[in-house]
Amino acid sequence: MIEGDLMQFYRDGYRPGDPDLQPASAQAEARGADFPETVDVLIVGTGPAGTVLAAQLAAFPDITTRVIERRTEPLQLGHADGVACRTVELFQTFGLADALLREAYWVNEVRFWGPSEEDRSKIARSGWVEDTPEGLSEFPHVIVNQARMQQFLLDHAARSSSRLEADYGIEFVGYEMNDGDHPVTALLRRADGTDLTVRAKYVVGCDGARSNVRRALGIRLEGDAANHAWGVMDVLATTDFPDWRTKNVVQSAGKGSLLMIPREGGNMVRCYVDLGEVEAGDSEIRKTTAAQLADVANAILHPYSIDVRQVAWSSVYEVGQRVADRFDDLTADSPADATPRLFVAGDACHTHSAKAGQGMNVSMQDAFNLGWKLAAVLQGRSDEALLRTYSEERQAIAADLIAFDKHWSAFIAQPARDPEHPERGGVTPAEMQAEFAQQGRYTAGVATRYTPSTLTSGAARQDLATGFELGTRFHSAPVRRIADARRMELGHAHRADGRWRIYAFGDMDGRQLREFATWLSEGGDSPIRVFTHAEADIDSVIDVHGVFRGSHHAVDVTSLPEILLPKSGPLGLQDWEKAWAADAADDIFERRGIAAEGAVVVVRPDQHVAHLLPLTAREELRDFFAGFLRPVGARVPVAVG
């Protein structure tokens with residue numbers, strides 16, 4: 001992994017102090033202490049989805065966003081802890097990956113234990129695998145408390161020019177639809193029992209598995225009932241178990257299974273204890289105490305043991321998988337051109353087991369998909385039809401997640417196979433190890449693929465860049481920044497700012513890349529000119545990067561077309577961070593299979609690859625953007641709440 005972050009400051013002029021603390025916008029300074037009568041977006045809940053959405057929309061101070069949370073204070077002890085590689089990539093778009101990685105436990109290996117061949121009453125280590133397959137991401141799989149993850153995002157929103165902070169002790173209780181510019185009247189209730197209302201353009205329910213927003217919309221969660229119970233506890237303990245600080249899957253002979261995941265801080269470990277099959281709704285199993293869980297864990301670990309000195313948190317849950325029948329307020333009877341006004345995200349629309357570590361991670365990706373779309377519509381860059389793609393895209397991803405989780409949780413729960421009684425079923429440690437290795441791409445969070453649509457072309461030339469798979473997230477690789485020779489990850493040029501990206505990879509002599517960049521800069525029919533206001537920064541809608549073959553010393557950056565050395569910001573300063581060259585030690589052209597003729601890789605604001613084209617494809621590129629962006633002449637003014 002390449003250390004370091006992409007961050008520009010002083011573009012608005014020199015100012016001392018913390019560059020992460022943005023100057024407050026005029027809208028933020030004018031905001032009063034009272035809850036507003038109208039907002040553009042009301043976010044309900046400060047869980048994983050709600051905090052990502054807040055952090056995203058905080059980048060747009062002209063959009064009035066408010067976040068409410070029924071709890072009276074921020075979450076102190078989160079339940080989720082596994083942070084997939086893809087989620088660390090997401091945090092990088094907010095400039096938060098370095099801080100996250102500094103605190104986190106890095107999951108390097110998964111070790112497997114099963115009944116000893118000499119004495120099946122004891123366990124023995126059977127093998128191990130790398131937790132994340134080599135080359136899958138520049139970031140590791142890490143462990144950080146959910147509450148801490150959410151606080152990173154909340155702090156980011158509070159430091160933004162929007163100065164966006166959550167309003168605690170306010171619960172969503174219902175809504176009414178009306179006419180007008182703010183058609184959703186949200187009915188709210190404070191912790192002291194007093195009622196209030198706010199009129200919103202859009203409401204997003206990020207309020208968990210018992211979502212009031214989902215209930216108000218009449219949306220059903222459909223799926224299988226729970227039938228297998230697990231106890232979970234975060235413990236501080238002493239032990240003679242040698243792999244206490246690695247992730248472990250432990251199978252015993254007849255005493256259950258144990259999944260052990262070290263936590264951040266160097267001492268705490270999370271233990272998932274198999275409690276076996278249960279009847280759906282079994283209330284007795286939920287009475288299992290932390291001491292009883294420790295007894296079961298010790299029985300599984302024999303001949304090793306743990307001496308629990310403190311239990312930071314414990315719970316018992318039953319595995320069930322359910323997904324909402326829709327993710328917004330549109331029904332089968334809604335007109336084809338209807339605009340969704342209320343949405344649900346995260347646990348409000350899909351619930352599943354914790355075994356694959358996808359709950360928090362997929363919830364954050366829900367919000368990452370929706371946030372930029374809301375901003376594009378509210379700022380007039382896209383038609384409201386764009387918002388229909390949220391439910392279309394994320395419901396399909398949730399269905400895939402549920403199918404995977406059914407398989408994964410059932411597989412993990414299987415007992416160790418007894419070689420003397422193979423008819424009883426179960427799995428061997430070797431089979432368990434092989435399954436973990438096979439599913440690495442999914443558990444890393446990088447298996448999501450959006451199918452062809454308005455936002456993801458069905459006519460892409462995958463052969464031009466075989467390592468940038470259409471519909472999947474843009475897979476970063478090292479490059480050299482031409483201006484200062486710094487070795488960096490190209491994907492880290494992406495920020496959660498609502499902009500589309502074009503990464504233009506050079507042909508063998510660079511001529512077509514320069515011609516392409518010149519057309520983008522000067523061509524009257526280029527998407528830059530068609531979809532960007534003349535008075536706005538040239539890269540305010542589509543952010544273009546050029547990647548040249550060969551040495552960074554061979555390119556005179558000052559000779560590049562305007563789009564690769566744009567002048568922007570109130571002072572009209574040059575942006576030196578748009579032109580890149582291959583890193584001789586790790587050539588991105590070879591690693592990502594870039595064709596000799598070069599390639600244009602179009603990337604959505606949520607980092608997913610949307611199109612792949614040759615450098616000569618002018619009309620096709622313009623037509624693709626015309627599918628979801630409004631030409632400048634068709635724009636409507638930004639609506640302020």
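# Cavities, salt bridges and backbone features: a tutorial

Me: How many cavities of 30 Å³ or more does the structure hold?

Reply: This is a predicted model, and the structure holds two cavities of 30 Å³ or more.

Me: Which residues line the second largest cavity, and which helix gives the most to it?

Reply: T46, R71, P74, L75, A147, Q150, Q151, L154 and Y168 form that lining. Helix 5, which spans residues 146–159, gives the most, with four residues. The lining of the second largest cavity divides into five nonpolar residues, three polar and one charged.

Me: Where is Q146 placed, and is Q146 buried or exposed?

Reply: Q146 belongs to helix 5. It is buried, with a relative accessible area of 12%, because a residue under 20% is counted as buried. Leaving aside neighbours within four places in sequence, Q146 is in contact with P48, L75, G78, H79, A80 and M360. L75 is also one of the residues that line the second largest cavity.

Me: Which parts does the salt bridge between R461 and E597 tie together?

Reply: The closest N and O atoms of R461 and E597 are 3.9 Å apart in this salt bridge. R461 lies in the loop between helix 11 (440–443) and strand 21 (478–481), and E597 in the loop between helix 14 (588–591) and strand 28 (599–603), so the pair ties together parts that are 136 residues apart in sequence. R461 is partly exposed, with a relative accessible area of 31%. E597 is also partly exposed, with a value of 38%.

Me: Where do R487 and D583 lie, and is D583 buried or exposed?

Reply: The side chains of R487 and D583 meet in a salt bridge at 2.2 Å, N to O. R487 is in strand 22 (residues 487–489) and D583 is in the loop between strand 27 (579–582) and helix 14, so the pair ties together parts that are 96 residues apart in sequence. R487 counts as partly exposed at 33% relative accessibility, whereas D583 is buried, with a relative accessible area of 2%.

Me: Which annotation covers residues 448–631?

Reply: The unreviewed UniProt entry annotates residues 448–631 as "domain: Phenol hydroxylase-like C-terminal dimerisation". In the model, the chain over residues 448–631 is 16% helix and 21% strand, and the end C-alpha atoms are 30 Å apart.

Me: Turning to the backbone, what is the peptide bond from H302 to P303?

Reply: A peptide bond is read from its omega angle. The bond from H302 to P303 is cis, with omega near 15°. P303 is found in the loop between helix 7 (290–301) and strand 17 (306–318).

Me: What is phi of Y10, and what is phi of Q607?

Reply: Phi of Y10 is near 70°, a positive value in a residue other than glycine. Y10 is in the segment before helix 1 (26–30) and counts as partly exposed at 40% relative accessibility. Phi of Q607 is likewise positive, near 80°. Q607 lies in the loop between strand 28 and strand 29 (609–613) and counts as buried at 7% relative accessibility. Q607 is also among the residues that line the largest cavity.

Note on methods
Residues numbered from 1 in each chain as written. Heavy atoms only, no water. 1 Å grid on protein atoms, 1.4 Å probe; cavity = no way out; pocket = protein on both sides within 12 Å on 5 of 7 lines; lining within 4 Å. Points joined across faces, edges and corners; volume = space filled by probe spheres on them. Helix = DSSP H or I, 4+ residues; strand = E, 2+ residues; numbered from the N terminus. Nonpolar A, V, L, I, M, F, W, Y, C, P; charged D, E, K, R; others polar. UniProt positions renumbered as here; feature names shortened; annotations may be inferred. Salt bridge = Lys/Arg side-chain N within 4 Å of Asp/Glu carboxyl O. Buried < 20%, exposed > 50% of the residue type's maximum accessible area, 1.4 Å probe, protein only. Contact = heavy atoms within 4.5 Å.
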